Amino acid sequence: MRRKMDNVNHDETKTTDSHWEQICNRCGECCFEKTIDHKGAVRTLAVPCRFLDIHSRSCRIYHQRLQAEEDCIKLTPENLPKLNWLPENCAYRSIDASPKSADFRR
Ligand code: SF4
């Protein structure tokens, strides 16, 4: 099972978008294929998305990614709690993304 996501929520206001995007540390770990076993254990494979620039750890087709790659998932405050396959070091895992949280609202 491969899960990827982007780190921008275009559904929020522009100011909130900017702050939300800045939370990402650009590690690129979310853009590697993963397996999830029947117990929910996640294992990250050494297979990156075909659009990930391995050196810069950034998406080479950032503005077309959701159309070009059907497995790409847009990370939002709403779906964040459900994305238990995010890597342990993902910056979004350490924030409270609830609507009332000051972690992503400015
Ligand atoms: S794993 Fe998290 S911090 Fe790393 S690139 Fe993906 S969204 Fe950003």
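The structure is a predicted model. Its protein chain contains two helices and six strands.

**Overall fold**

- Along the sequence, the elements of the protein chain follow the order β-α-β-β-β-β-α-β.
- The protein chain has 106 residues, and buried residues make up 18% of them.
- Among contacts in the protein chain with a separation of 6 or more, 54% are between residues 24 or more positions apart.

- Most residues other than glycine have a negative phi.
- Arginine 26 has a positive phi, near 60°.
- Arginine 26 counts as exposed because 10 other C-beta atoms lie within 10 Å, and the cut-off for exposed is 12 or fewer.
- Arginine 57 also has a positive phi, near 60°.
- The loop that holds arginine 57 runs between strand E4 (52–53) and strand E5 (58–59).
- Arginine 57 has 14 C-beta neighbours inside 10 Å, so this residue is partly exposed; the class lies between the cut-offs of 12 or fewer for exposed and 20 or more for buried.

- Strands E2 and E3 run antiparallel and are joined by four bridges.
- One of the residue pairs is lysine 34 with threonine 44, its bridge partner in E3.
- The two strands, E2 and E3, form a hairpin with five residues between them.
- Glycine 40 lies in the turn of this hairpin and has a positive phi of about 90°.
- Strand E3 covers residues 42–48, and the count of buried residues among these seven is zero.
- In a regular strand, side chains alternate between the two faces of the sheet.

**Confidence of the prediction**

- The average pLDDT of the protein chain is 83, and 75% of the residues score at least 70.
- The pLDDT is below 50 over residues 7–13. In the model, this stretch has 16 contacts beyond near neighbours in sequence.

Note on methods
Residues are numbered from 1 along each chain as its sequence is written. This is a predicted model: local features need pLDDT of at least 70, side-chain atom pairs count only at pLDDT 80 or more; totals for chains, interfaces and linings use all residues. Two residues are in contact if their C-beta atoms, placed from the backbone, lie within 7 Å. Two strands pair if DSSP finds at least two bridges between them. pLDDT is the predictor's confidence in each residue, from 0 to 100.
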